[in-house]
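Here's a quick walk through one protein chain, written for someone who likes cut-offs spelled out. Have the viewer open while you read.

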Amino acid sequence: MNWDDARVFLAVCRASTLRGAARVLGVDQATVGRRINALEKSLGATLFLRTSEGYALTAVGEAAVRSVENMERSALDLERQILGLDDRLTGTVRVSTTDSLAIDFLIPAIARLHDKHPDVRVHLDASTQILSLAKRESDIAVRNTRPDNPDLIARRIARWPVGLFASQAYIDRHGVPAPGSLFEGHDLVVYQPYLQTQKDLTLVSEPVGRGRIVAALSSSLLVRRSIAAGIGIGEIPVYTGERDGLVRLWPDRTRPLPYDVWLVTHADLRHTARVRVVMEEIVTAFAGTGA
């Protein structure tokens, strides 16, 4: 099995469908199907069971995965080491972050980068999904959690307290909730993952038991926009709330954990010229916002 075959095999393993694997590989579905059929024929073994729900590994396929993943790690290590020696200010840099940070900070950083280094292209992925730097799904990540992988280099570029905010229109209609009232009589907008991970949800340490959760949003940008639209009260970083012109409620209270922003890359890539200049512009974009 060569590396090209290995990439197709792993893509089908991880996506469980030809369509999903084709999307990852950037080829059409029929090509993936032909490559898998040819690979199984050359090996004289069935690697996948074809089911109504997709492709499932056989026992032979499961045994092959470990060896193929070792091959993948070796190929990626070599690629990163070569890229780490590249001093050309040209080529593509893949960056992942959240939609909120992308709009407020990374897009302005990319604009400045383009003025200085027009041959450096940025592929920006904005979502709540954390892409793998080790597998080169991304070259740089701007995250709100620090990675624990020792091969990754992380630098905190911002730290913001998290406060309670509402729009002026909401306050005009509903007033300001009293501390200790558990938000009785008030509408709340919350970050959806908190509903799934917190048993007793709080906003700036105030239980929400008497409030009405009227919107649960999947991203921080949607929470911000919902607060600005007057839908309800919500908890967001103080820096972004003030930037959006929202009204801070209970200014003496914050969430126990601040909102940290981490700039992350793989150790092998930090000296690559195009990666380095992108990181420099990102750091500049966050300068003066609080660290």
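First, the ground rules. This is a predicted model, so local features need pLDDT of at least 70 and side-chain atom pairs count only at pLDDT 80 or more, while totals for chains, interfaces and linings use all residues. Residues are numbered from 1 along each chain as its sequence is written, and side-chain values use heavy atoms, with hydrogens and water left out.

**Layout**

The C-alpha trace spans about 70 × 50 × 30 Å along its principal axes. Its secondary structure comes to 10 helices and 14 strands, taken as DSSP runs numbered from the N terminus (helices H or I, at least four residues; strands E, at least two). The domain assignment gives domain 1 (3-75), domain 2 (91-150 + 266-286) and domain 3 (160-259); such bounds come from an automatic or database assignment. Between domain 1 and domain 2, the C-alpha centres lie 30 Å apart.

Of the 291 residues, 44% are buried, where buried means under 20% relative accessible area, exposed over 50% and partly exposed in between (1.4 Å probe, protein chains only). Take the contacts (heavy atoms within 4.5 Å) between residues at least 6 apart in sequence: 76% of them join residues at least 24 apart.

**Cores**

A nonpolar core here is a set of buried Ala, Val, Leu, Ile, Met, Phe, Trp, Tyr and Cys residues joined through side-chain atoms within 4.5 Å. The largest one has 25 residues, and I140, V142, V261, I282 and F286 have the most contacts inside it. Elements giving it two or more residues are β3 (91-97), α5 (99-116), β5 (140-143), β6 (152-160), β14 (259-266) and α10 (273-286). The top contributor is α10, with eight residues. Domain 2 and domain 3 each supply at least three residues to this core. There's also a second, separate core of 19 residues, with A6, A21, A22 and V68 among them.

**Helix packing**

Axes are lines fitted to C-alpha atoms, for helices over the stretch in contact, and angles run from 0 to 180 degrees between N-to-C directions.

| Helix pair | Axes come within | Crossing angle |
|---|---|---|
| α1 (3-15) and α3 (29-43) | 10 Å | roughly 110° |
| α5 and α8 (220-228) | 6 Å | roughly 80° |

The α5 and α8 angle makes that pair roughly perpendicular; angles under 35 degrees count as roughly parallel, over 145 as roughly antiparallel, 65 to 115 as roughly perpendicular and the rest as oblique. On the α5 side the contact uses D99, S100, I103 and D104, and on the α8 side S220, L221 and R224.

For α1 and α3, the residues that meet are D4, D5, V8, F9 and V12 in α1 and V32, R35, I36 and L39 in α3.

Helix α2 (residues 18-25) has L18, G20, A21, A22 and L25 buried, and its buried residues pack against α1, α3 and β2 (54-57). After α2 comes G26, with a positive phi near 75°.

**A loop residue**

Where does D244 sit? D244 is in the loop between α9 (238-243) and β13 (247-249). At 27% relative accessibility, D244 counts as partly exposed. Leaving out residues up to four places away in sequence, D244 touches R224 and R225.
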